[in-house]
Amino acid sequence: MTKRAVVKGLGTYAPPRVLNNHDLERLVDTNDEWIVTRTGIKERHIADPEETTSDMAEKASRIALQEAGIEGDDLDFVIVATNTPDTLFPSTAARLEARLCDHPVAGVDLQAGCTGLIYAIEMASAMIQSGNFHRILVVGADKLSSITDYQDRTTAVLFGDAAGALVLEGQESTEFGILGSYLRADGRGGDLLALPAGGSRLPASAATVQERLHFLKMNGNETFRFAVKAMPEAVEKVLTKVGMTLDDMDLLVPHQANLRIIDAAVRRFNLDPDRVVINIERYGNTSVGTIPLALDEARHQGRVHRGDVIVLVAFGAGLTWGANVIRWGH
Ligand code: UT7
């Protein structure tokens, strides 16, 4: 048995304000029936304008730290996976660290689209296995409402805001924890889902604002096509990597982008619905927030047991895709 990163704490947060499909009917040319049948989404949680990504991250992190029975100062490292940092710099991780810890610890932001949390879990796991770090706070937090164009019906109906946090800790000779991961990135599909302006490629100007280039743009059909291939691929590859098969998997926690994408994976693998977590109807796509939200909800429903093999799988901007296998418990 080797040293592994185990999950000692999990916390999540979604802002209280709810935007339902009927509210959206008043903003764009859409209707509840279209949104439900094409996406499975009924409502999403939206942060107030002054509530930042780091505010949501802090709320989720405090719950995770409490569950792990530790203080912020017991951490060695903070990784925040986000596509909507409070500011391009300083990092959201540094802002979060200042609120959680009395003494400085290391911290960095990670940007890998909606796959960010999968990447962050694997990076934290490898850092812990290296022996150089013992406890790492891994956060996925996104305020997608801050980059969603509420004049564009093709994207406005999809997204919501949320955060999730996990405390990972090194444990010797354990059968529990992060068993392995599969990660991929392919920039050839990068323009399918992008935030065009605000970076060095297209700095902010009056023209970029006028052309609404500070809002995310997506080719929905092509992204959909990519997703229905990427998610099953990641699940199969990660299970093979850890020497398991679909029969060993107790629970699949997929990125919640579109119910039809999840359904396609479920059909492909012929999975019993009890083995798949779906909560997209109440949150929409919260990017890096979807997986912790769904996992936490499943846990509170009594669907997660000590020793269960759980597969987390996501895809997103980059394009990126990937999966982690966790044996739950510590
Ligand atoms: O984590 C981020 C990754 N993103 C995703 O995973 C998104 C992947 N893509 C999707 O989920 C789907 O492609 C969408 C939900 C974005 C779109 O669903 P679709 O079934 O692919 O619809 P479509 O784009 O092919 O559009 C069908 C029709 C079009 O009208 P016409 O041309 O047939 O007359 C659209 O203009 O639906 C229309 N439409 C809408 N109608 C009412 C598009 N958006 C809306 C809307 N309300 N909100």
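Four strands, in the order E8-E13-E12-E11, make up an open sheet with mixed pairing. At its edges are strand E8 (177-185) and strand E11 (251-254), each of which pairs on one side only. The model is a predicted one. A second open sheet has 5 strands, and a ligand lies between domain 1 (4-175) and domain 2 (178-327).

- From one strand to the next, the twist averages 15 degrees.
- E11, an edge strand, runs parallel to strand E12 (residues 309-316), and 4 bridges join the two.
- Pro254 has Val313 in E12 as its bridge partner.

**The sheet of 5 strands**

- The order of the strands here is E1-E7-E6-E4-E5, and the pairing is again mixed.
- Strand E1 (4-13) and strand E5 (106-110) are the edge strands, so named because each pairs on one side only.
- On average, neighbouring strands of this sheet are turned by 20 degrees against each other, with direction ignored.
- E1 and E7 run antiparallel and are joined by 9 bridges.

**The ligand and its closest residues**

- The ligand is surrounded by 22 residues, and the closest are Thr30, Arg38, Arg153, Asn258 and Asn285.
- Arg153 uses its backbone: an N or O atom there lies 2.9 Å from a nitrogen atom of the ligand.
- Asn258 uses its side chain, where an N or O atom is 2.7 Å from an oxygen atom of the ligand.
- Asn285 also has a polar side-chain atom by the ligand, 2.8 Å from an oxygen atom.
- The ligand taken alone exposes 950 Å², and the protein buries 74% of that area.

**The make-up of the shell**

- Helix H2 (32-39), helix H6 (153-156), helix H8 (220-241) and helix H9 (259-269) are the elements that give two or more residues to the shell around the ligand.
- H8 provides the largest share of the shell, with 4 residues.
- By type, the shell residues divide into 9 nonpolar, 9 polar and 4 charged.
- Why is the ligand said to lie between domain 1 and domain 2? Both domains give residues to the shell, so the ligand lies between them.

- Most peptide bonds are trans, and most residues other than glycine have a negative phi.
- Pro90 sits in the loop between strand E4 (77-81) and helix H4 (92-100).

Terms used
Residues numbered from 1 in each chain as written. Predicted model: local features only at pLDDT ≥ 70, side-chain atom pairs only at ≥ 80, totals over all residues. Heavy atoms only, no water. Near = heavy atom within 4 Å. Polar contact = N/O pair within 3.5 Å; in protein donor to acceptor, adjacent residues only side chain to side chain. Areas by Shrake-Rupley, 256 points an atom, 1.4 Å probe, with all protein chains shown as cover. Nonpolar A, V, L, I, M, F, W, Y, C, P; charged D, E, K, R; others polar. Domains from an automatic or database assignment. Pairing = 2+ DSSP bridges. Axes fitted to C-alpha atoms, helices over the stretch in contact; angles between N-to-C directions.
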